[in-house]
Amino acid sequence: MTEKMNNDEILLSIKDLEVNFYTYRGIVQAVRSVSFDIKKGETLALVGESGCGKSVTAHSINQLIPMPPGKIDNGEIFFEGKDLLKLSEKEIRAYRGDRISMIFQEPMTSLNPVFQIGEQIADVFRTHHGLKKDESWERAVKLLELVKIPSPEKQARSYPHQLSGGMRQRAMIAMALASPNPGLMIADEPTTALDVTIQAQILRLLAELKTEIEMSVLLITHDMGVVAETADRVVVMYAGRKVEEADVNDLFENPRHPYTLGLLNSLPSNEKYRGEKRLEAIKGQVPDLLTIKGWCPFENRCEYATDICRQSFPERTELSPGHSIWCHLEGKYE
């Protein structure tokens, strides 16, 4: 369950999503009973360590899960009131790059190395909007200008390897915006491998574009600093489960799930930089998803774990309006 919202405010609603991968070693439960809503004009951040199910959840929206071995075994994904999981391949393709755009994690592997940047963006206009070659190229150049790439006409004729990491990421954003009316942008680790200066520029650009074209953003990241700067609400995931959901300010001021506490305590602070406090780390490792049973997946790393944590997954506890955790101790650790 998520915070109650007026149906007119909700752009995307995911209900009880379950995604499994059928491998020769067994069934990998990548996403288990995940639900959340995204309001119109809102930025929702999915947070967690690598392998927690963030990207699988996001890719399920556009049905980009490789099937096989992946399979969406349960759940509903409503976008503007329509269940995307009931659409045919042809119907869902009409949403990709049009009403639902995506910035992939690594632009160097997402961009085609043998085509010019401008040509790849122009192809979106030709495919989804039926524009002719000259008009689609002109639109591509304008988008490169919108994402603040210098000399956009010149850079449109560049190949991906000729651009810096920050430039390639901007080109990916431009491609994601190659629609007259994008409703949702999925940003999968949009600042990975970028230095802090370029990262700040990309985040500022996303915030500006979100306001200019009134779109919603699903931000996938493990960087809590990025979350603090850009998100309105946060969903924390661990080993395929949702463990905490809150308004961004509430999450940082009053984190209550042991995993969220661990993530925030591992952030560098001024005290830690001065050597007054050691940089903390969450003990142990993320469990093998093949070995996870029906209990809390964080119990083997949690200093507060009790016998009940090894018996069942906890029910939702609402700590305050909009702030919920999934923990048997209900946020009471003192």
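**Reading strands and helices in a predicted model**

Analyst: E244 has I325 in β12 as its bridge partner. The two strands concerned, β10 and β12 (residues 323–326), are antiparallel and share two bridges. This is a predicted model, in which local features need pLDDT of at least 70 and side-chain atom pairs count only at pLDDT 80 or more, while totals for chains, interfaces and linings use all residues. Residues are numbered from 1 along each chain as its sequence is written, and side-chain values use heavy atoms, with hydrogens and water left out.

User: Which strand pairs with β10 over six bridges?

Analyst: Two strands pair if DSSP finds at least two bridges between them. Strands (E, at least two residues) and helices (H or I, at least four) are DSSP runs, numbered from the N terminus. Here, strand β9 (residues 233–238) pairs with β10 over six bridges, in the antiparallel sense. Y238 lies opposite R241 of β10. The two strands make a hairpin with two residues between them, and A239 in the turn has a positive phi of about 50°.

User: Is strand β10 mostly covered or mostly uncovered, and how many of its residues are buried?

Analyst: A residue is buried if its relative accessible area is under 20% (1.4 Å probe, protein chains only). In β10 (residues 241–247), six of seven residues are buried, and the strand is mostly covered.

User: In what order do the strands of the open sheet stand?

Analyst: The order is β2-β1-β4-β5, with antiparallel pairing. β2 (26–39) and β5 (82–83) are at the edges with a single partner strand each, so one side of each has no neighbour in the sheet. Strand β1 (residues 10–23) is joined to β2 by ten bridges. Y22 stands opposite I27 in β2.

User: At what angle do helices α4 and α5 pack?

Analyst: Axes are lines fitted to C-alpha atoms, for helices over the stretch in contact, and angles run from 0 to 180 degrees between N-to-C directions. For α4 (residues 117–129) and α5 (residues 133–146) the angle is about 115°, and the axes are 8 Å apart. Contact means heavy atoms within 4.5 Å. Among the residues making this contact are I121 and F125 of α4 and W137 and L143 of α5.

User: How do α7 and α8 lie relative to each other, roughly parallel or roughly antiparallel?

Analyst: Angles under 35 degrees count as roughly parallel, and those over 145 as roughly antiparallel. The axes of α7 (residues 165–176) and α8 (residues 196–213) cross at roughly 15° and come within 10 Å. The two helices are therefore roughly parallel. Residues in their contact include I173 of α7 and L205 of α8.

Definitions and conventions. Angles under 35 degrees count as roughly parallel, over 145 as roughly antiparallel, 65 to 115 as roughly perpendicular and the rest as oblique. Buried means under 20% relative accessible area, exposed over 50%, partly exposed in between (1.4 Å probe, protein chains only).
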